[in-house]
Protein chains: 2
Amino acid sequence: MKVVIVGGVAGGASSAARIRRLDEHAQIIMIERSGYVSYANCGLPYYVGGVIKDQEELTLQTPESFWDRFRIDVRVRQEVTAINPAEKTITVHALDSGKIYTETYDKLLLAPGAKPTVPALSGVSNKRVFTLRTVEDTLRIRRFVEDQKPKTAVLAGGGFIGLEMAENLVEMGVSVTIVQRPKQLLAPLDADMASFVHAEMRRHGVALRLGETVTGFRQDGDSVLTLLEESEPLHSDMVLLAIGVTPDTHLAKEAGLKLGIRGSIAVNERMETSVPDIYAVGDAVEVTHFVTGQKALISLAGPANKQGRIAADNICGGNSRFHGSQGSSVLKLFGLTAVSTGINEKAAQAAEIAYDKVVLFPASHATYYPGAQSMAMKVLYEKESLRLLGAQIVGGEGVDKRIDVLATAIRAKMTALELTELDLSYAPPYSSAKDPVNMAGFMIEDLESGKVRQFHWNEVEDLPYDGSATLLDVRTAWEYQRGHLDGFRNIPLDDLREHLDELDRDKPVYVNCQTGLRSYLACRLLTQYGFTCSHLSGGYSFYQVVTK
Amino acid sequence: MKVVIVGGVAGGASSAARIRRLDEHAQIIMIERSGYVSYANCGLPYYVGGVIKDQEELTLQTPESFWDRFRIDVRVRQEVTAINPAEKTITVHALDSGKIYTETYDKLLLAPGAKPTVPALSGVSNKRVFTLRTVEDTLRIRRFVEDQKPKTAVLAGGGFIGLEMAENLVEMGVSVTIVQRPKQLLAPLDADMASFVHAEMRRHGVALRLGETVTGFRQDGDSVLTLLEESEPLHSDMVLLAIGVTPDTHLAKEAGLKLGIRGSIAVNERMETSVPDIYAVGDAVEVTHFVTGQKALISLAGPANKQGRIAADNICGGNSRFHGSQGSSVLKLFGLTAVSTGINEKAAQAAEIAYDKVVLFPASHATYYPGAQSMAMKVLYEKESLRLLGAQIVGGEGVDKRIDVLATAIRAKMTALELTELDLSYAPPYSSAKDPVNMAGFMIEDLESGKVRQFHWNEVEDLPYDGSATLLDVRTAWEYQRGHLDGFRNIPLDDLREHLDELDRDKPVYVNCQTGLRSYLACRLLTQYGFTCSHLSGGYSFYQVVTK
Ligand SMILES: Cc1cc2nc3c(=O)[nH]c(=O)nc-3n(C[C@H](O)[C@H](O)[C@H](O)COP(=O)(O)OP(=O)(O)OC[C@H]3O[C@@H](n4cnc5c(N)ncnc54)[C@H](O)[C@@H]3O)c2cc1C
Ligand SMILES: Cc1cc2nc3c(=O)[nH]c(=O)nc-3n(C[C@H](O)[C@H](O)[C@H](O)COP(=O)(O)OP(=O)(O)OC[C@H]3O[C@@H](n4cnc5c(N)ncnc54)[C@H](O)[C@@H]3O)c2cc1C
Ligand SMILES: CC(C)(COP(=O)(O)OP(=O)(O)OC[C@H]1O[C@@H](n2cnc3c(N)ncnc32)[C@H](O)[C@@H]1OP(=O)(O)O)[C@@H](O)C(=O)NCCC(=O)NCCS
Ligand SMILES: CC(C)(COP(=O)(O)OP(=O)(O)OC[C@H]1O[C@@H](n2cnc3c(N)ncnc32)[C@H](O)[C@@H]1OP(=O)(O)O)[C@@H](O)C(=O)NCCC(=O)NCCS
C-alpha cells in the first residue's frame with residue numbers, strides 16, 4: 001500500500017505515525033509546503049514572545065527523525081498542486097528546485113489545515129502586516145520584533161491567536177491595540193463572560209477597539225496605518241491580522257471533492273471524503289458538533305490529532321469513527337485562564353435549543369487554605385431533558401480542571417443533575433468538599449425543582465421600578481454602601497426574618513446579593529413566607545463586570 | 001417538624017443548612033460534642049504546620065452564625081449519650097454544666113463521623129501520644145509544638161492524615177519517622193504507585209519504617225519510646241497515632257440500629273437507617289462502592305457533604321438518593337500530588353474482578369512550553385466489558401485534573417475506549433493535544449485490539465534468561481549505559497530495522513525502553529516481521545522506582 005499525505009503537522013503527522021505503527025510495510029510519503037513538519041502551531045506565539053526560547057522546541061519531529069523512526073518519506077517545501085482522483089495521482093511542485101512531478105497513491109490523506117483569513121483590503125500585503133500560521137511566519141515576526149523593536153502593535157482580531165499574540169507582545173513591552181468588528185473578544189464565550197477577559201486585557205494596558213471595522217492598511221513612514229470605517233486611523237509599528245481561519249481546501253475543491261460549510265471538505269465519521277480512497281482530517285474538514293448535531297468548523301489541535309489517528313486506522317483497513325467535536329478550548333491570558341466546552345448561549349439560540357443556565361463564582365480550592373481564587377462559571381443545560389449543553393469559565397487556578405470535568409460529563413451525555421453526584425477528589429489545596437462542578441449541579445437542581453427562580457443581569461433595567469415590586473439587596477450594610485443597584489433597598493440576609501412585616505406579600509420580590517448565594521437563601525426564606533421571589537443570577541458582582 | 005442532628009461538621013452541618021433552605025418552619029437542633037461546629041477537618045494538619053495561620057479560618061460557621069443565618073439551635077460541648085427510638089427521644093449530656101436532659105425529635109440525623117483508631121496498646125494514653133480529629137486536638141498539638149519545640153516525631157500510620165502531618169512537621173523542622181505494619185504508605189494506591197510517594201518522603205528526610213508493628217509506648221524522660229515488635233524502640237519527642245479511623249457509632253449500636261461492616265451504620269440509598277425517622281450520613285455509615293457494588297467504608301468529606309444534603313431532602317419529604325462512593329481522593333505531599341479514584345489492583349483482586357491495566361508517564365502540558373512535569377499514571381479496566389475501574393496518578397501539576405476527568409468517566413460508566421474520544425481543552429500551558437487521559441485510552445485500545453502485549457515489572461525476574469527468548473532494550477546506547485535490566489541486549493529503536501536478521505524469529509521477544517512508548521513501537525515493528533513480542537509496561541523507569 002502506498003499512502004500519500006498532504007500536510008505534515010497535527011493531522012498529517014499523527015496519521016503518518018499511526019499508519020506506520022499499523023502497517024510496517026506501507027510506503028508512506030508526507031508532503032509539506034512549508035519548511036517544517038510536526039511543528040507546534042500552538043506554541044508559535046510563545047516563541048515570538050521569547051517564552052519558548054529554542055527554535056528546535058517548535059518541531060516535535062523533523063524529516064530526518066521521521067525517517068529514522070518511522071521510515072516515512074517526508075518532503076518539505078513541496079506543494080501538492082493538484083489531485084487526479086481518476087488516475088489516483090497528485091501533482092507536486094518542489095518549491096526550491098521548481099520541479100513539478102506526479103506521484104501515485106493507493107490512499108490519499110488530506111491534512112492541509114486552515115489558513116489565516118485575509119480579507120481583500122488595500123495594503124494588506126504591506127510588509128509590516130503579518131499573519132501567523134507556520135514556523136516561517138513565526139521566525140519572520142520574531143526577527144521583526146528583534147530587529148525593529150516595535151513599540152506599538154495593532155492586532156486585527158481578538159480570537160485565540162490574537163489574544164495570545166497580544167499577551168506575548170505586551171510581555172515584551174509592546175503597546176497593543178486590538179481592533180475588531182465583533183463587540184466582544186473570544187467568540188467561544190458569551191459576551192457577559194468575555195467581560196472578564198476584556199477587564200484583564202485592559203488591566204494589562206491593552207487598548208480594545210471593539211465594534212470597529214478595519215477597511216485597509218497604509219504605510220506611513222516607518223509605521224503602518226490601520227484604516228477604520230468610522231474612526232481615525234490607528235498608527236502602529238506593526239499589525240497582526242488574526243481575524244480567523246479559512247479551510248485551506250482549493251486542492252480538494254478543484255479535484256471535485258464534496259465540500260461542506262465555508263469551503264471545508266465534507267467527510268463521514270470514518271474521515272472519508274466523497275471520493276474513494278481519499279481521506280481528510282483537521283482544520284480543513286467539516287465536523288459534526290457533538291452537542292448540536294449540526295455541521296461545524298472547529299479548528300483545534302485535539303480533534304485534528306484524533307482524526308488523524310482515526311483516518312490512519314481506516315486507511316489500514318480498520319473501522320474507527322469520529323463522533324464529533326465539542327470545541328473544548330483553553331486560553332492563558334496573563335493571570336487569567338478562559339475556557340469553554342460545548343455550546344454557548346449564542347449557539348444555543350442559533351440552534352433554537354431551549355436552554356437555561358446558572359452563573360456562579362466558586363473558589364478554586366478551600367478558602368481557608370492559602371491561595372484560593374474565585375472563578376466565574378456559567379453552565380448551560382437544555383430545558384426538559386436537562387442534558388448539559390456547554391460551560392464557560394474564566395478565572396485562575398483550577399479553571400482548566402473544571403472545564404475538562406464538564407467536557408467529560410457532556411461527552412457522557414450526562415444530565416445537569418448528575419453533576420451533583422460527581423465524586424471528585426478533594427483536599428484543601430485542590431478543591432472544596434462540594435466541588436464547583438457539583439455546586440453548578442446543585443444550583444440547576446434547585447432551579448429545575450422549582451425551589452428558586454432567577455432573573456439575569458440584562459433584565460435588571462426592565463424590572464418594575466414603579467413600586468409594584470419589592471427590590472431587595474440582602475448584602476451587609478457595608479457592602480451595600482460600597483455600591484448597589486439603583487432602587488434596591490438593603491435588608492441584610494441575617495436580619496431578614498425580623499423585617500418580613502415591612503414587606504408587602506402581594507408584591508413580587510427581586511433579590512440580589514454579591515454572587516447569588518445569599519439571594520438564593522433569601523428567596524428560599526421569603527418563598528416559604530408566602531412571597532413570590534426571584535434572585536439575580538451571578539449577583540451584583542457579575543452585573544458590575546458585565547455592564548461596565 | 002423537629003429535627004435533631006447529632007454531629008455538627010461535614011455531614012451534620014451541611015444537612016442542617018439544607019433542611020433550613022427546604023423548610024423555613026422546621027425546628028432544627030444540632031448537637032456537637034466538641035467545642036466547634038462546621039470545622040475544616042481537612043485543614044487541621046495545616047494549622048498545626050502554620051500554613052493556615054488564623055484559628056478562625058478553621059470554622060466555616062459558628063453556633064452564632066448558624067443561628068443568625070439559619071435559625072439553627074446549635075449546642076456545642078453537648079454529647080448525645082443515648083437514643084430511644086420507641087419514644088423518639090435522645091439523651092443529652094451537657095459537658096460543661098454536667099446536666100443531662102432529654103430531647104424529643106420527629107426526625108433524627110446521625111452524623112457522628114469516625115474516630116481515630118486507637119489500639120489497646122500500653123502507654124497509648126501518654127500525653128506525648130496524640131491523635132487528630134477535632135479542633136481541640138489540633139490546638140493541643142499546635143500548643144505542644146510551639147511550647148516544646150519537638151525535634152523528632154514518630155507517626156504511627158501512613159495514610160492521608162499521617163502523611164499530611166508528616167509534611168507539616170517536616171516543614172517546621174521536625175525530624176519525622178513513619179512506622180506502620182503495611183509495607184506501603186497510602187493504601188488507596190497500589191504498592192508500585194506508592195513507590196513514588198516513598199521516594200518523595202525520603203527525599204524530604206522522612207524515615208520510613210514500613211512493615212514494622214508498634215507494640216506500645218513508654219515515657220523516657222522528656223521523650224517517648226515507640227516500642228516495635230522486632231526492632232529497637234524509636235525515641236522521639238512526640239508521637240501521632242493515625243493508623244486509620246473507626247465509625248463513631250456506639251450510640252447507634254446501643255439503640256439497636258442495624259449495623260454494617262466494621263461497626264458502621266447500615267443505611268439505604270435515601271440515607272435511612274433500619275429505624276424509621278432516623279437517618280445517618282458521613283464517616284459513620286456504610287456505603288455501596290460505586291465500582292464494585294460491594295459495601296465499603298469511605299471516610300471522605302465530599303461524600304459526607306453530599307449525603308448530608310440527600311438526607312436533608314428526604315427528611316423534608318423529598319426523594320433523593322446516594323448512588324455510592326468511588327473514593328476519589330487527592331493528597332498534597334511536598335512537591336507531589338497523589339490521587340486515586342475507583343478501585344486499585346488490590347481491590348480488584350479482592351473483588352475477583354478480571355482486570356488489566358496500563359501505566360504511562362505523560363507530561364502535564366506540552367513539553368515545548370516551559371515547566372512541564374511528567375506524572376506516573378495507572379488506569380485499570382475490566383477485561384471483556386472494558387468498563388473503567390479505577391486510576392492512580394502521582395506527579396506534580398495537572399494530576400488532580402486528570403483524576404477528576406477519570407472519576408467523571410467512571411461515574412458515567414464509560415468504557416476505557418471512550419477515553420480516546422474525550423474532547424478536552426488544550427493549549428500548551430495546560431495539556432497536550434492528546435491529553436494524558438486520551439493517551440491511556442489509546443494504550444488500552446492497542447492492548448485490547450491485540451496490537452501489543454505487555455509484561456509487568458514484577459514479571460521481569462521470571463523472564464526466560466536461558467537464551468530461549470530475546471531480551472531487547474531499545475533505548476539509545478547512552479541511556480542503556482546509564483543502567484539497564486540484566487540480560488537485556490541494546491538495539492536502539494531507530495536502528496532496529498537494520499538488525500532484524502540478527503534476531504531469531506522463533507524466539508519470543510521481550511522489549512523494554514524508558515517508559516513504554518518506544519518498546520511499544522518496537523513491538524509493532526517486530527510483530528509485523530513475524531516476531532512474537534511483548535513490552536515492559538511502564539518501562540525501565542517504572543521498574544527502577546518500584547524495585548528500589
Ligand atoms: C498560532 C496558533 C496557535 C494555536 N493554538 C492552539 C491551541 O492552543 N490549542 C488548539 O487546540 N489549537 C491551536 N491552534 C490550532 C491548531 O494548531 C490546529 O487546529 C491544528 O494544527 C490543525 O491541524 P491540521 O493538521 O489540520 O493543520 P495544520 O497543523 O495547520 O497543518 C497543515 C499543514 O499542511 C500544509 N499544507 C497545506 N496545503 C498544502 C499543500 N497543498 N501541499 C503541501 N502542504 C500543504 C501546511 O503548510 C500546513 O503545515 C493554533 C493554531 C495557530 C496557528
Ligand atoms: C485531619 C483530617 C484531615 C482530613 N482530610 C481530608 C481531606 O483532605 N479530604 C477529604 O475528603 N476528607 C478528609 N478528611 C475526612 C473528612 O473530614 C471526613 O470524611 C468528614 O469530615 C466526615 O464527615 P462527618 O460529618 O461524617 O463527620 P465529622 O466531620 O467527623 O463530624 C462528626 C462530629 O460529630 C461529633 N459527634 C460524634 N459523636 C457525637 C455525639 N454522640 N454527640 C455529639 N456529637 C458527636 C464529633 O465531635 C464530630 O465533630 C480528613 C479528616 C481529618 C480528621
Ligand atoms: C509528534 C507526532 C508525529 C506524534 O504522533 P504520534 O506518534 O501519534 O503521537 P505520540 O508520540 O504522542 O505517541 C502516541 C502513541 O504512543 C502510544 N503511547 C504513548 N505512551 C505510551 C507508553 N508509555 N507505552 C505504550 N504506548 C504509549 C499511544 O498509544 C499512541 O499509539 P497509538 O496511536 O498507536 O495508539 C504528531 O503528534 C505531531 O506531529 N505533533 C505536532 C503537531 C501538532 O500536533 N500541532 C498541534 C499541537 S501544537
Ligand atoms: C459550611 C456548611 C455549613 C455549608 O453548608 P451549605 O450551606 O450546604 O453549603 P454552601 O455554603 O457551600 O452552599 C451550598 C448551597 O448554596 C447554593 N449556592 C452556592 N452558590 C450559589 C450561587 N452563586 N447562587 C445560588 N445558589 C448558590 C447551592 O446550590 C447550595 O444550595 P442547595 O444545597 O440548597 O442546593 C457545611 O458545608 C460545613 O459545615 N462545612 C464544614 C465542614 C466540612 O465540610 N468539613 C470537611 C471538609 S474540610
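**A tour of the A–B interface**

Start by selecting Thr408(A), which is buried, with a relative accessible area of 0% (buried means under 20%, exposed over 50% and partly exposed in between, with a 1.4 Å probe and protein chains only). This is a predicted model, in which local features need pLDDT of at least 70, side-chain atom pairs count only at pLDDT 80 or more, and totals for chains, interfaces and linings use all residues. Residues are numbered from 1 along each chain as its sequence is written, chains are lettered from A and ligands numbered from 1 in the order in which they are written, and side-chain values use heavy atoms, leaving out hydrogens and water.

Stay with Thr408(A) and show helix H10 of chain A, residues 399–411, where this threonine lies (helices, H or I, have at least four residues and strands, E, at least two; both are DSSP runs numbered from the N terminus). The Thr408(A) side chain reaches the backbone oxygen of Asp404(A) at 2.7 Å. Now bring in chain B: beyond residues up to four places away in sequence, Thr408(A) touches Val405(B), Thr408(B), Ala409(B), Met414(B), Leu422(B) and Leu424(B) (contact means heavy atoms within 4.5 Å).

Next, select Lys401(A) and Asp400(B). Their side chains meet in a salt bridge, 2.8 Å from N to O (a side-chain nitrogen of Lys or Arg within 4 Å of a carboxyl oxygen of Asp or Glu). The count between chain B and chain A is 20 salt bridges.

Zoom out to both chains. Here 82 residues of chain B are in contact with 82 residues of chain A. The two chains bury about 7,500 Å² between them, 54% of it on carbon and sulfur atoms (accessible area, 1.4 Å probe, lost on being put together and summed over both parts). On the chain B side, pick out Arg69(B), Tyr368(B) and Asp423(B), which lose the most area to chain A, together 11% of what that side buries.

Last stop: ligand 4. Residues from chains A and B surround ligand 4, so the site is shared between chains. Of the 31 residues around ligand 4, Asp446(A), Tyr520(A), Arg18(B), Arg21(B) and Ser38(B) come nearest (a residue is near if one of its heavy atoms lies within 4 Å). From chain A, select Gly516(A): a backbone N or O atom lies 3.1 Å from a nitrogen atom of ligand 4. From chain B, polar side-chain atoms lie by oxygen atoms of ligand 4, at 3.2 Å for Asn305(B) and at 2.8 Å for Arg309(B).

Note on methods
Polar contact = N/O pair within 3.5 Å; in protein donor to acceptor, adjacent residues only side chain to side chain.
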